[in-house]
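Visitor: I'd like to learn how to read a few features off a two-part model. Could you take me through them one at a time?

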Amino acid sequence: MEDYIVRMEHISKSFPGVKALDDVPLDLKSGEVLALLGENGAGKSTLMKILAGIYTRDAGDIFIFGEKKDTWNAKIAKENGIAIIHQELNMCQHLTVAENMFLGREPGKAFLLNRGDMNKEAAKVLDNLHVDISPKALVGSLPVSKQQMVEIAKALSVNAKILIMDEPTSALSSKEIDDLFVIIRQLRAEGCGIIYISHRLEELSHIVDRVSIMRDGRFISSGSFSDYTMDSIISDMVGREIKEKFPHVDCKAGKTILEVRHLNAGRMVRDISFSVREGEIVGIAGLMGAGRTETTRAIFGIDQKESGEIFVDGREVRIRKPSDAIKNGIVLAPEDRKKDGLCTKLPVQHNISLPNLDLISDKAGKVIRRKENTMTEKAIDDFSIKVSDPGVAVQNLSGGNQQKVVVAKWLSRKSRIVIFDEPTRGIDVAAKVEIYNIMNQLKKDGIGVLFVSSEMPEVLGVSDRILVMCDGRITGELSREEATQEKVLTLATQFEKKIETKGEENGTEH
Amino acid sequence: MEQSIEKNKTGIIRRITAINGMGQVLTVTVGLIVLCLVFGIINPTFFSSRNLGNLLRQIAPFILIGIGQSYVLITGNIDLSIGSVIGMSTMLSATMMTKGVNPWLAALITLAACLVMGILNGWLVAGFSMPPFIATLGTMTIGRGIAQIANGNYNTNSIGAAAEGFRNFFYYGKVAGIYTTFWIAVIIFLIFNFYLSKTKTGRHIYAVGSNINAAKLSGVSVTAVTIKVYVISAFCAAIVGFTQCASAGMGAMDAGNSYEMYAVAASVIGGVSTLGGQGILFGTVIGAAIWAVLQNGLQFAGAPVAIRNIAIGIIVIISVLLDIIVRGRKRSN
C-alpha cells in the first residue's frame, strides 16, 4: 500500500445529462509509466482532471503518498506535486516562453520581477528537454509542437512528482516524440509516476510499464503492459474485436473532379498542382509544418491565394471566400474543431445546420423547422452521435462526438469534393473506423475525398493515391500499391534540413 | 446510457427550458415579479392603473435600446453609440420640424442618417477588425457632435402644432388603453425576435458571436452580419429618439445620454452574454422591465436619486454575479 503514490477509489462524477465516471479506481506507483487507455468519452480526461483538482468528485476517495485527501483542489494538487499537461494547450499567447512557464510563481523580490533569473531558469529546463526554444520567444509565435514542449517544460519546472500527460504527442513530430520519451524515461528513473494518455497505441511499447483501461466511464482492466497484446488492449477499449483497422474499398477511378494548378499562397503553399478523381481518396502526407493544412485552407478560400487555378468538374472556379467554395461543391472539415470547426456554446442542431441554412430555409430567409429537424436527426443517426437531445450545447459532448458533429455538419449537404483535415486526430479507434467508413461511402458515391493526415499507417491504409508534402511543396506522388512507409518518409523529409533551420529561426527570432 | 437527461418533462415545458439561456430568463422573471410585489407593498399606488400605464411607457425605450444592444452583444461586439444616436435622432428630427419640414418626412430623413451611423459602426468593426469598443467610442463622440451641431449648439424650440400627429403616434396616443410607445416596442420586439430566432441571419448572428472562425468557415459573411446588427441597433436608437422628441415636444442635445449603458444593463440582466453567442431577446425585455421598474418603484418609495443609482448598480452586479455562479456550478459539476 505504501508504494502507491496515487490511489483513487470508487470515483464517480456526473455532468448534466452524462454520467462521466462510475466507481472508477486508479493507482500509480513511483517510478512507473501508467498508460490510461480508453475511447473518447471513456472518462480518462475527467478522471485526470479530478486527480489534478480541476474537477471535484461526486464520490470516492483520493490517497496521495498513502495519505487520504478530503479537501482536494487544483492548488493542493499542485502542492502535492501533481502536474497535468492538457490535450488542449493552455498558454498565454502574448507572453514569452519563460513568462508562461513561471506564470503565478515568478521569481523576484517583493513585487519586482527578476526577468534575468526567470529566463535563466527557463533556459535550464528547456535545455534539459533538449528543445531549442528561446525563453524570450513569444509563445504565440511558436508552432503548435513547440508550444506543447513549452507546456511540458512548464510542468517539469515545478518539480512534479506525479505527471499527467493527456495526449502529449498528438502534435509532435517523431523526433520530438523521441525527445519526450527520453525525458519520460529520465523522470521515471528519478522516481516520478507518470500517467500517460494516448490514442497512439504504437507508442506505448516504448515507455509504458502498466496499463489501465476504461470504457464508458467505467474501469475495465488493469495490469502489466507485458500481459497485454495490442489486440487485447483494443478489445478491452471498445469491447468488441475490430477486424479491419483500415477498411478499404476498391472503386474504379472516374473523371477528374478537382484539379488544382500552380497554387501559391504564402511560404507554406508553393506551386501546388494535383487532381482528385471520382471514386478515389487522395491522401496528403507529410510532417508537421509541411504546409498541408495551409494548402487546404487556400483551396477552401480561408487564406488568400497569390496565384493558381482551381477547376471543379472541368470548370474553372474562383474561390475568394469559403462561401464561394461551398457554392462550388467543395467543403472542408477543419483540423482544430474548437478553433475552426464548431460553435461550442450553440446546440448540436444549430451547428449542423449552420453551413446548410440555404438548403433548409425559405426564400424570405426563415429557417424551416421541420426540414432542420429532419436534417439534424438524419445526421445524428448517420454518424451515431451520442447526444440525448439535439438542443444540447456542443461543449457538453465528448471530443469524439464533437468531431462527429464537425463531419456531420459538412456532409449534410451534397458536395463534389470533401476535404478532411486530420479527421481522426485525438479520437478513439472505433470512431476512427467510423470516419474511414464515411470516407469510403463518399468515394463509392462518386465524391472526391481529399484527406490530410499525420498518421502514416492511416494515410497508407485509407488512400488510393498519396501526395507527400514537405516545406510547402509536393515532393512526390505515390499510388496505393507502391506506397510504403519508407518511401513516404523519404519524400516527406526531402527538405528536412531546411525545415529544421527554419523552425529554429521561428523559435528564436521573435 | 450516457443520455440520462430527464425525459419525463412534458413537451412544452421541455421545449421552453431547452432554449439556450432560458434558465436565467426564468430566474429574472421571478425577480421582476418579486420587485413589483415589494414596491406595491411599500406604496400601494404603484399598482394604480395610472402608474402602470406610465410604467409601460417608461419600459418601452429600454426594451428598444436593449434589443439593439442585445443583437450587437450576441455577435460578441458592443455598441457605445446608442445614446448618441438617440441624441442625433431627437435633434435632427426636432430641428427639421421647427424649420417647417413635414414631421413624417423629417423622421424618415433622420432615420436614414441614423442607419448610416449603424452601417459605419459595422463597417469599422468588421471591415477593419477594429475593436468595437474603440470604433463605437469614436462614433459615439461623432454622433453627439452631430446632435449638438444640428441646431447650432442649442436645444430646439417647440416642434409646434404641426407635429401633433407625430407626438401622438410616438408618445401621447393610446391604443386599447395602453400608450402607443409601448405598442411600438412590442411590435419591434416581435419582429426582431422572429428575425433573431427563426431566420438564417439570426443563426449567423449567434454563430459569429460563438466562434467567428467556425462561422467564417461555414460560409457566413461576418462583415454582412456585423453591419446588420449595428444597423438594427441604430434603428432601435432612432425610434427611441423619436419618442423622446415626441415626449418633450422639442429636441434636447443631451437626449439619450449614457443610454448605451442602460442597454447593456437590460441585456445582461436578461441573460445576454457580453462574450457573445448567448442570450434571447425575451430576456432583454424582462431586463428592461426590471430596470424601469426599479427607477419607477424607487421613485415611488421616495428614494432620492443618489440612492436609486446605488441600488440599481448593485442589482445589475448581483444579477450578473448570480448568472456566473450558476453557470460556473453547472460547468464544474
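Guide: Let's start with a charged pair: the side chains of A:Arg115 and A:Glu99 form a salt bridge, 2.7 Å from N to O. The term is used here for a Lys or Arg side-chain nitrogen within 4 Å of a carboxyl oxygen of Asp or Glu. This pair ties together distant parts of the chain, with A:Arg115 in helix 4 of chain A and A:Glu99 in helix 3 of chain A, 16 residues apart. Before going on, note that this is a predicted model, where local features need pLDDT of at least 70 and side-chain atom pairs count only at pLDDT 80 or more, while totals for chains, interfaces and linings use all residues. Residues are numbered from 1 along each chain as written, chains are lettered from A and ligands numbered from 1 in the order written, and side-chain values use heavy atoms, leaving out hydrogens and water.

Visitor: Are A:Arg115 and A:Glu99 buried or exposed?

Guide: Buried is under 20% relative accessible area, exposed is over 50%, and partly exposed is in between (1.4 Å probe, protein chains only). A:Arg115 is partly exposed at 42%, whereas A:Glu99 is buried at 16%.

Visitor: Where do A:Lys124 and A:Glu121 lie?

Guide: Here's the general idea: an α-helix has 3.6 residues a turn, so residues three or four places apart point the same way. A:Lys124 and A:Glu121 are both in helix 4 of chain A, three residues apart, or about one turn. Helices (H or I, at least four residues) and strands (E, at least two) are DSSP runs, numbered from the N terminus. The two side chains meet in a salt bridge of 3.8 Å, N to O. A:Lys124 is exposed at 54%, and A:Glu121 is partly exposed at 34%.

Visitor: What area do chain A and chain B bury between them?

Guide: The size of an interface is often given as the accessible area lost when the parts come together. Chain A and chain B bury about 3,300 Å², 54% of it on carbon and sulfur atoms; that is the accessible area (1.4 Å probe) lost on being put together, summed over both. On the chain A side, A:Lys345, A:Leu354 and A:Ser388 lose the most area to chain B, together 18% of what that side buries. Counted by contact (heavy atoms within 4.5 Å), 46 residues of chain A meet 36 residues of chain B.

Visitor: Back to burial: which residues in helix 7 of chain B are buried?

Guide: In helix 7 (residues 164-172) of chain B, the buried ones are B:Phe166, B:Arg167, B:Phe170 and B:Tyr171. Looking down the axis, they fall within an arc of 95°, so they line one face of the helix; the arc is taken from the directions from the helix axis to the C-beta atoms. What covers them includes helix 3 (49-74), helix 5 (103-127) and helix 11 (222-248) of chain B.

Visitor: Where does B:Asn77 lie, and what does it touch?

Guide: B:Asn77 is in the loop between helix 3 and helix 4 of chain B, and is buried at 12% relative accessibility. Not counting residues up to four places away in sequence, B:Asn77 touches B:Val72, B:Val125, B:Pro132, B:Thr226 and B:Tyr230.

How values were computed
Buried area is the accessible area (1.4 Å probe) that two parts lose on being put together, summed over both.
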